[in-house]
Amino acid sequence: MVNVAILGYGTVGSGVGEIFYKNGQHISERVANEVNLKYILDLREFPGDPYADRVIHDFSIIESDPEVAVVVETMGGVGFAYDCTKRALSKGKSVVTSNKELVATHGYELLQLAKANGCSYLFEASVGGGIPILRPMSNCLAANELQEIVGILNGTTNYILTRMIRAGLSFDAALKEAQDNGYAEKDPTADIEGHDACRKICILSSLGYGRHIYPEQVPTEGISNITLSDVAYARSGGYRIKLFGRSIRRESDGKVCAYVAPHLVDEESPLANVEDVFNAILVTGDSIGDVMFYGRGAGKMPTASAVVADVMDIVRAKGKKLITWEDGGSDTTYPVDEVANRWYLRVAGDLFVDGAKRLRNGDAKDGESAFITDEAMTPPQLRAWAKGLEIRALYRVL
């Protein structure tokens, strides 16, 4: 028998409990071992829950119980969750998590701790919710040297942009609709300002390129400044606006540039047609070319499904399923100012500019113009090219 403890019985944690309750026999058969949910750690009680009698309030009970082999951490944050994860791994207990902030911030340290204590630290659910991405990257694509990772990594922002594009809603109206539908938190800052996508591109890049990319190394811009004028200008040129997390490996020295920012993407691209709360991640390898992973990037049951799949992997591997990467630092990354793109500019004035295609917008404000540059330029080159223009909006074109 393999005993499991869940830390945090909120949306994802209770989803994990629900899967164990409904599919427990199936799970045990698939891993050829009985999997038993022994503890649930939470501040609250859950009367009426099938596992109400397993709720405890003191992590030290789990920590000191030699029968607990796997700890599922679904609390979030980098405070108590970080402390509990370190304590569990130090005791040789494998940990599975959906906590993207913790993995992005302390992943290297926790992976090393798991390795030193002969156990596992797995986090498939931390990036794509129910989309299988980390496992295929570490196994199926292992023979490739990855060159680029780019994706729509946040369902809330994708929903907002979809409603702006499809329904003509303003950013504020689309955000309120997302909140009313339960897609956005009361405080949506982590989503709309790109922090959630930043953490996810850190994890993907760390795994994909083999060295830890920390959030503070990733310039991050959200979607709160995108207007309906930008949406209309983009549409007139055959583009849609999406928030991308992107990382690029430089062939000459192996350094990585990772960033999060809105982009215009050609409407014929598969990424342009990812709508509502769906996510998509495009991975480019030197041998396989482009591979795209698509699905619901969040939600109670899809995320819980990925968590339980990690638990099953650990049981099959008898606690020793390893993911690893090296530590990162200033020599791991290169600046986003060295990445060349074509650019979208919305500027003051009714202008025609050499070296750029002017976009049309029947609803445009008087005295405004928008362009897409003909040539790819780095940000410093763009600043020199656009000298003298009053720029009101500036986004990359992918």
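Buried means under 20% relative accessible area, exposed means over 50%, and partly exposed lies in between, computed with a 1.4 Å probe on protein chains only. Helices and strands are DSSP runs numbered from the N terminus, with at least four residues of H or I for a helix and at least two of E for a strand.The model is predicted: local features need pLDDT of at least 70 and side-chain atom pairs count only at pLDDT 80 or more, while totals for chains, interfaces and linings use all residues. Residues are numbered from 1 along each chain as its sequence is written, and side-chain values use heavy atoms, with hydrogens and water left out.

An α-helix has 3.6 residues a turn, so residues three or four places apart point the same way. Just after α8, G182 takes a positive phi of about 80°.

G238 follows α11 and has a positive phi, near 85°.

A32 has a phi near 55° and is placed in the loop between α1 (11-31) and β2 (35-41). With 71% relative accessibility, A32 counts as exposed. D276 has a positive phi of about 55° and is found in the loop between β9 (256-266) and β10 (278-285). D276 is partly exposed, at a relative accessible area of 34%.

Next come two residues whose contacts reach along the chain. Contact here means heavy atoms within 4.5 Å. A197 is found in helix α10 (residues 195-209) and is buried, with a relative accessible area of 3%. Leaving aside neighbours within four places in sequence, A197 is in contact with L153 and V260. A197 and L153 are 44 residues apart in sequence, yet 5.3 Å apart in space, C-alpha to C-alpha.

N144 is in the loop between α6 (134-138) and β7 (146-152). Is N144 buried or exposed? N144 is buried, with a relative accessible area of 15%. Leaving aside neighbours within four places in sequence, N144 is in contact with G285, D286, S287 and I288. The side chain of N144 reaches the backbone nitrogen of S287 at 2.9 Å. A polar contact is a pair of N or O atoms within 3.5 Å; within protein, one must be able to donate a hydrogen and the other to accept it, and residues adjacent in sequence count only if both atoms are side-chain atoms.

The aromatic rings come next. Rings of Phe, Tyr and Trp (its six-membered ring) pair if their centres lie within 6.5 Å; planes under 30 degrees apart count as stacked, over 60 as edge-to-face and the rest as tilted. The structure holds seven aromatic pairs. In one of them, Y121 and F123 are tilted, with 5.5 Å centre to centre and 55° between the planes. Both Y121 and F123 are buried. F123 also pairs with W325, edge-to-face, at 5.8 Å centre to centre and 65° between the planes. This second pair links distant parts of the chain, 202 residues apart: F123 is in the loop between β6 (121-122) and α5 (125-128), and W325 is in the loop between α12 (300-316) and β12 (342-348). F123 has a relative accessible area of 1%, and W325, which is also buried, has 2%. Y121, F123 and W325 form one aromatic cluster.

Rings can also have a charge over them. This applies if NZ of Lys or CZ of Arg is within 6 Å of the ring centre and within 35 degrees of the ring normal. R250 lies over the face of Y334, at 4.1 Å from the ring centre. The charged end of R396 sits over the ring of Y259, 4.5 Å from its centre.

How many disulfides does the structure hold? The structure holds zero disulfides, a disulfide being a pair of cysteine sulfur atoms within 2.5 Å. For C198, the nearest cysteine sulfur is that of C202, 4.3 Å away. C198 is buried, with a relative accessible area of 6%, whereas C140 counts as exposed, at 65% relative accessibility.
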